[in-house]
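Subject: Structure for your files

Hello,

Here is the structure you were expecting, with the sequence alongside. My notes on it follow below.

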Amino acid sequence: MSHLTDLKSQLELMKVSSQSLYRDNQLSHEQIKTLLETRGCTIEITNPYVTPKYTLEKVRKVPIRHSVYSYTHFFERNLLQNIPCVITNVALNWPCMKTWIDGGQINFKYLRSKFGNASVPVANCSKKYFDSHEKITMKFSDYLDYFESENKENLLYLKDWHCRKEFPLEDFYEVPKLFTSDWLNEYALATMQDDYMFVYMGPAGTWTPLHADVYNSYSWSVNITGCKKWRLYPPGQEDLLRDQNGQLPFDVSTYDSKTKDVYYLEIIQEKGDAIFIPSGWYHQVWNLDDTISINHNWINACNIHVMWKNLQLELKKVEKEISDCIQMDNWSEHCQLLLRATFGMNYFDFYNFLHEIAFRRITRLKNTATVTCFKSALGVNHCRFDLIQIHQVLVDYLKNDVFVHMNTTFEGNLLELIEKILQVLGMWESILGKSELQLDCAS
Ligand SMILES: O=C(O)CCC(=O)C(=O)O
């Protein structure tokens with residue numbers, strides 16, 4: 001029996017055993033009732049069997065700006081369909097709106113007193129460095145001196161500052177409920193690893209070159225003060241911008257697209273607006289005023305397949321790069337090391353990430369422990385949806401060539417996780433059935 005056939009038959013066996021094991025649920029009526037309760041802080045969906053579906057056609061039809069927006073609508077229209085949106089006035093009650101800003105102006109005195117000694121990453125928008133801007137590190141108080149000075153010969157843009165992580169006691173903003181199904185930061189917080197939560201600050205004229213986000217993640221951004229212009233290209237449209245060598249333009253404002261019919265959206269994000277940037281959408285951003293924003297990158301069950309595809313593509317690139325050494329011992333392991341160095345994550349890291357996220361949802365569905373991320377609790381159907389998507393990725397992971405080279409302990413862990421997921425999904429299917437459940441979804 002081949003390695004793959006062997007795995008497939010193990011998976012079939014698991015399905016059968018988990019279905020029979022959990023035909024009778026093992027939770028009391030009281031426990032089920034408690035688990036199904038949704039409160040104001042719960043994010044929940046009605047149908048755990050929905051699948052993410054991206055089409056360009058939908059982009060042209062869905063309204064972009066919303067003043068009031070429920071989680072259900074955001075989930076169905078934006079997360080599942082990978083479409084951008086703006087939600088106005090999400091930051092009215094954020095503490096930083098009162099402390100970082102005073103009378104409509106940046107409160108330099110306050111910022112200096114709180115964070116003046118911090119080291120901050122700064123991009124020089126006047127200098128190109130490969131496909132980005134030249135980066136330096138500065139003391140925050142020096143950056144504030146620059147910001148306040150008249151002389152701005154170089155346009156310096158403070159970017160990707162992990163301010164929240166560095167100053168955990170400064171509770172300066174709250175993640176909007178719509179953006180709380182965030183596996184990247186849930187994982188980072190649970191495992192004390194580097195997070196994807198940043199402060200950006202730049203004078204008018206600073207800008208970010210054309211790019212798609214790390215791991216093809218989503219991002220959201222809220223302006224504490226100032227205004228940004230975003231140019232957004234749906235996935236695939238960027239290919240029309242490439243030159244003869246396959247290179248993308250660094251700055252789309254100098255790119256002549258007259259000859260090609262390239263579709264893009266241009267969105268103005270005002271103070272207090274949140275913008276949602278979907279997975280794999282290339283974008284360029286300009287600060288139209290002096291601007292401070294909070295930006296997060298995030299992944300969840302709706303775009304985990306995109307991340308997985310991206311990881312596989314990156315591995316292919318690494319393998320090609322060192323294909324001349326394919327005869328060496330542990331070539332696959334070397335590829336994984338290189339993948340981690342270039343992409344920030346390899347197959348093992350990706351598995352550990354999925355394992356932690358799955359484990360937290362399994363625990364939630366097996367007893368009344370709550371899974372929270374940024375003060376939102378995950379509803380039962382949301383947990384089921386998350387696990388269904390993780391299961392699909394793990395089964396695909398098992399079929400992957402690379403897996404054949406990995407050690408048997410790892411293979412055992414992976415199969416065990418898949419079994420646990422199937423068991424808990426089987427249990428809930430026997431409790432609720434496979435039909436859509438009409439829950440009282442908190443908006
Ligand atoms: O605000 C900026 O300058 C860029 C932010 C960005 O590209 C993002 O959050 O994805």
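Helices and strands here are DSSP runs numbered from the N terminus, a helix having at least four residues and a strand at least two. On that numbering, Thr55 sits in the loop that links strand 1 (42–43) to helix 3 (56–61). Please keep in mind that this is a predicted model.

Thr55 has 12 C-beta neighbours inside 10 Å, so this residue counts as exposed; the cut-off for exposed is 12 or fewer. In sequence, 179 residues separate Thr55 from Pro234, yet in space the two are 9.4 Å apart, C-alpha to C-alpha.

For the protein as a whole, the count is 15 helices and 18 strands. Of the 443 residues, 37% are buried. Taking the contacts between residues at least 6 apart in sequence, 80% join residues at least 24 apart.

Nine strands form an open sheet with mixed pairing, in the order 2-3-14-11-16-9-8-6-7. Strand 2 (65–66) and strand 7 (132–139) are the edge strands, each pairing on one side only.

Strand 6 (residues 119–129) and strand 8 (residues 156–161) run antiparallel and are joined by three bridges. Ala123 has Tyr157 in strand 8 as its bridge partner. Helix 7 (residues 140–148) packs on the sheet, where it touches strand 6, strand 7 and strand 8. The direction of helix 7 makes about 115° with that of strand 7.

Helix 11

Helix 11 (residues 331–343) has 13 residues. From first C-alpha to last, helix 11 reaches 18 Å, close to the 18 Å expected at 1.5 Å a residue.

Which residues of helix 11 are buried? They include Cys335, Gln336 and Leu339. These three cover an arc of only 100° around the axis, and therefore lie on the same side of helix 11. Among the elements that cover the buried residues of helix 11 are helix 10 (304–321) and helix 12 (347–366). After helix 11 comes Gly344, which has a positive phi, near 95°.

Regards

Technical notes. Residues are numbered from 1 along each chain as its sequence is written. This is a predicted model: local features need pLDDT of at least 70, side-chain atom pairs count only at pLDDT 80 or more; totals for chains, interfaces and linings use all residues. Two strands pair if DSSP finds at least two bridges between them. Two residues are in contact if their C-beta atoms, placed from the backbone, lie within 7 Å. Axes are lines fitted to C-alpha atoms, for helices over the stretch in contact, and angles run from 0 to 180 degrees between N-to-C directions. A residue is buried if 20 or more other C-beta atoms lie within 10 Å of its own, exposed if 12 or fewer, and partly exposed in between; C-beta atoms are placed from the backbone. The expected span of a helix is 1.5 Å times one less than its number of residues. The arc is that of the directions from the helix axis to the C-beta atoms.
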